[in-house]
Amino acid sequence: MLAALLWTVSSYAKEAPLWEFGLGAGAIAFHDYRGSDTAHAYPLPIPYIVYNGKFLKADRDGVRGTVFDQKWLEINLSFNLTTPVRNDRERSGMPDLRSTVEVGPSFDFHLFRSDRGRVKLDLRMPLRAVTTVEIAPRFVGLTFSPRLNLDLKDPFGVPGWNLGLLVGPLYANRRYHDYFYSVAPQFATASRPEYSATGGYAGTQTLAALSKRYPKFWMGAYMRYDTLAGAAFVDSPLVQRKSYWTGGFGFAWMIQKSERVVEIPD
């Protein structure tokens, strides 16, 4: 989600600076975890980072390390984060959830490219291992989230804008779902019965992100719809909302860019 917002940039030319850096501010609103009825809005600083290295890249597709790159397939290192969960209504009396970091390969298939690169359709298949962020990190499972990603330049005939659309299911193993949705016997109450989560389907996400790069600044926004209908853990007493919307916006001013120019795909 954050990658779609923070690194959604345009790249019309085949040559671009090796790196660009900017800084700004924005706000995002989301639920404590998928299915929670407790939501928060957070102001946040927005680093605008573009890096067009041969291996490490930070651009409209997020931050990644390219392991294998062919005309029809890329294998990248992909990343994701979750925030810590404290004082959540559904989890009252249960231990707080630590923030998690997810790292793993993403197999990205290029399904379609228009002649001028104005339309791009990819199938992205990231598989990530998840660990908690603490002094002694704990492995808490695996996630797999295949999704179709459509990028449109100058959508609806409006020059300079970029529209990204993403949709796909989410899957995770039992250990991951147990971390978020199980209720151990000692934490069971009359309104929160004991529950043991299983692995499998975890719902579907649909996301739309819109952005535009001006000479001196960048602006962007996104909306995401989550549905947990049919998820393996949907009967957990910690799941209070089976569908919901989240979103955010941000802007950043350009501070500096590299004098060195490199060739990038159009």
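Visitor: How many aromatic pairs does a search of the whole structure find?
Guide: There are 13 aromatic pairs in the whole structure. Bear in mind that this is a predicted model.

Visitor: How are the rings of Phe 30 and Tyr 42 arranged?
Guide: Their planes are at 25 degrees, under the 30 degrees cut-off, with the centres 5.2 Å apart, so the pair is stacked. Phe 30 belongs to strand β2 (residues 19-31) and Tyr 42 to strand β3 (residues 39-52), and the two residues are twelve apart.

Visitor: Phe 30 first: buried or exposed?
Guide: Phe 30 counts as buried because its relative accessibility is 11%, and the limit for buried is under 20%. Tyr 42, at 33%, counts as partly exposed.

Visitor: What about Tyr 214 and Phe 217?
Guide: Those two rings are also a stacked pair, with 4.6 Å from centre to centre and 15 degrees between the planes. Tyr 214 has a relative accessible area of 25%, so it is partly exposed. Phe 217 is partly exposed as well, at 32%.

Visitor: Which residues form the aromatic cluster?
Guide: One cluster consists of Tyr 33, Tyr 176, Tyr 179, Phe 180, Tyr 181 and Phe 233.

Visitor: OK, now the core. Which residues touch the most other members of the largest nonpolar core?
Guide: Tyr 33, Phe 180, Tyr 181, Leu 228 and Phe 233 do, out of 23 residues in that core. Both β11 (161-172) and α2 (174-181) supply at least two of its residues. The largest share, four residues, is from α2.

Visitor: And what does Tyr 33 touch?
Guide: Leaving out residues up to four places away in sequence, Tyr 33 touches Val 85, Asp 88, Glu 90, Arg 91, Phe 180, Tyr 181, Leu 238 and Tyr 244.

Visitor: Switching to strands. How do β8 and β9 run?
Guide: Strand β8 (residues 119-132) and strand β9 (residues 139-144) are antiparallel and joined by five bridges. The hairpin between them passes through six residues. Thr 131 has Phe 139 in β9 as its bridge partner.

Visitor: How many bridges between β9 and β11?
Guide: Two, again in the antiparallel sense. There, Thr 143 is opposite Ala 172 in β11.

Terms used: Residues are numbered from 1 along each chain as its sequence is written. This is a predicted model: local features need pLDDT of at least 70, side-chain atom pairs count only at pLDDT 80 or more; totals for chains, interfaces and linings use all residues. Side-chain values use heavy atoms; hydrogens and water are left out. A nonpolar core is a set of buried Ala, Val, Leu, Ile, Met, Phe, Trp, Tyr and Cys residues joined through side-chain atoms within 4.5 Å. Buried means under 20% relative accessible area, exposed over 50%, partly exposed in between (1.4 Å probe, protein chains only). Contact means heavy atoms within 4.5 Å. Two strands pair if DSSP finds at least two bridges between them. Rings of Phe, Tyr and Trp (its six-membered ring) pair if their centres lie within 6.5 Å; planes under 30 degrees apart count as stacked, over 60 as edge-to-face and the rest as tilted.
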